[in-house]
Amino acid sequence: MAGSSHGHTPAAWTGVIISFIGFCIAGLFMVAAQPAGFWAGLGVVALGGVVGYIMRMMGLGQPKHSHPVHQVAGEQAPVGAKG
């Protein structure tokens, strides 16, 4: 994935950081046996996905045309191809 810059965008980093914070909150409240806090943490995890998606729609994510999965066959040789 390093060759395609997969995930190296402000949208990806923001979504992952928010989701990680939510994961930490949920874990803390799970250990503390506080179900309301646990579910709130999972809500923050979901919020991270929503924020990342919105940022991608605003143009802060990786454009589809630059990702190898979305390229037309023939534009790029397959990985590992010799020739």
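Ile54 is partly exposed, with a relative accessible area of 44%. The model is predicted, with local features needing pLDDT of at least 70, side-chain atom pairs counting only at pLDDT 80 or more, and totals for chains, interfaces and linings using all residues. Residues are numbered from 1 along each chain as its sequence is written, and side-chain values use heavy atoms, without hydrogens and water.

**Exercise 1.** Locate Ile54 and name the surface patch to which Ile54 belongs.

*Solution.* Step one: Ile54 sits in helix α2, residues 35–60; helices are DSSP runs (H or I, at least four residues), numbered from the N terminus. Step two: Leu47, Val50, Tyr53, Ile54, Met57, Met58 and Leu60 make a nonpolar surface patch of about 700 Å².

**Exercise 2.** Classify Gly27 as buried, partly exposed or exposed.

*Solution.* Step one: Gly27 belongs to helix α1, residues 10–31. Step two: buried means under 20% relative accessible area, exposed over 50%, and partly exposed in between (1.4 Å probe, protein chains only). Step three: the relative accessible area of Gly27 is 24%, so Gly27 is partly exposed.

Note on methods: Patches are made of residues with over 30% relative accessible area and no salt bridge: like charges are joined within 9 Å, nonpolar side chains (Val, Leu, Ile, Met, Phe, Trp, Tyr) within 5 Å. Accessible areas come from the Shrake-Rupley method with a 1.4 Å probe; for residues, only the protein chains shown count as cover. A salt bridge is a side-chain nitrogen of Lys or Arg within 4 Å of a carboxyl oxygen of Asp or Glu. Helices (H or I, at least four residues) and strands (E, at least two) are DSSP runs, numbered from the N terminus.
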